[in-house]
Amino acid sequence: MRFYKITFSLDLKEIGIDSQVQKFVPNPELGEGHPFYSLPLEGEIDKNRKFPTLLMEKEAKWMDLLSFIPGSGRFLLISSRFHVLLNRFKLADYQIFPVLVQQGSVVRDYFLLYFTKNRAAEFVDWGHTEVMHTTDFAAQVIKMGLKFSSYEEFLARKMELLHIKENLYVRALKLSKAAEGTDMFRFIFVPSGFYVSERLKDAIEKEGLVGIRFIPTEELGELTPEEKKIKMQMAAAAYNN
C-alpha cells in the first residue's frame, strides 16, 4: 500500500494566503504559558484541555485543512466534515479537540487533530529510506543518498548537524509493513508531519475536501520555495514565543 504525507495546499488561488492561521485570541482563563508551544511534542494531552479562539487571516479562504502556524508539528487544524470522514478510518493513538476559528465576524467550528505517539521508529523501513544532508532549511544539498540503520541513529546525527546549522531531510521515505494496518499517523523529524494511507487519501478526494495536498512518501524530495518560507516562519514564531 502507498502512503502520502498530508499537508495544506500551497495554491494561493485556492487558499488565499499560505499561512492562514497565525494568531489566536489571548485568554487568561486558560492559564499561563503559550497555549500551543508549552505542550509536549508527544504524549497525551489532558482530554479536558481548552484552547483559545484561532484567528484566520483576512486574505485566507475557508478550507477543510488550514495551515496553522502556532500548532505546527503538533496539530492538524481540520473542518467538521473532515472530522466526520476520519471516524470511518483507523487512526493511530490520536486525540481531537474542538476549537473555534474566527475571521472577522464569522466564527466556525473546527478541530485540532493530535497524535500522541511518534511512529518513526516502528513505521519507517530505515534500510530503504534515502536521506540527504543539507544546509539549514534545505537551502543547499551537501550530500545525497545517506542511509541509517534506525530512527535513533538518524535522530542523533540530525541533532549533531542542527548545532552547526545543517540538517538531514528525507528524500525518499520507505514505510515498513507495521504501518499497513493504520490509515493515519504522525512522525517527528522524519520529516515531521502527518501521513495517510492511500485508502484515506482516496476517500478525502472522493469527498471533495479542499485545501489539502498529498506528497507520496517516496517522492518527498527537496522543499519547495513556499515550504522553505513557511518553515522559516514557523521557526521564527517558535523563537519569539
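Q: Is Phe 154 buried or exposed?
A: This is a predicted model, and in it Phe 154 has a relative accessible area of 0%, so Phe 154 counts as buried, the cut-off being under 20%.

Q: Which helix is Phe 154 found in?
A: Phe 154 belongs to helix H4, which covers residues 151-162.

Q: And what is Phe 154 in contact with, leaving aside its neighbours within four places in sequence?
A: With those neighbours set aside, the contacts of Phe 154 are Trp 126, Val 131, Phe 148, Leu 168, Val 170, Phe 189 and Val 190. Taking one of these, Leu 168 is 14 residues from Phe 154 in sequence, and the two are 8.3 Å apart in space, C-alpha to C-alpha.

Q: What else pairs with E12?
A: E1 also pairs with E12 in the antiparallel sense, again over four bridges, and here the bridge partner of Phe 3 is Ser 197 in E12.

Q: How many residues of E12 are buried?
A: Five of the five are buried, so E12 is largely enclosed by the rest of the structure. In a regular strand the side chains alternate between the two faces of the sheet. In E12 both faces are covered, with Gly 193, Tyr 195 and Ser 197 buried on one side and Phe 194 and Val 196 buried on the other.

Q: Changing topic, which residues of helix H5 are buried?
A: In H5, which covers residues 198-207, the buried residues are Leu 200, Lys 201, Ala 203 and Ile 204. These cover an arc of only 165° around the axis, which puts them on the same side of H5.

Q: What covers the buried residues of H5?
A: The cover includes strands E1, E11, E12 and E13 as well as helix H2. Just after H5 comes Gly 208, with a positive phi of about 80°.

Q: Last one: in what order do the six strands of the open sheet come?
A: The order is E2-E3-E6-E7-E5-E4, and the pairing is mixed. E2 and E4 are the edge strands, each pairing on one side only, while E3 and E6 run parallel and are joined by two bridges.

Definitions and conventions:
Residues numbered from 1 in each chain as written. Predicted model: local features only at pLDDT ≥ 70, side-chain atom pairs only at ≥ 80, totals over all residues. Heavy atoms only, no water. Buried < 20%, exposed > 50% of the residue type's maximum accessible area, 1.4 Å probe, protein only. Arc of directions from axis to C-beta. Contact = heavy atoms within 4.5 Å. Pairing = 2+ DSSP bridges.
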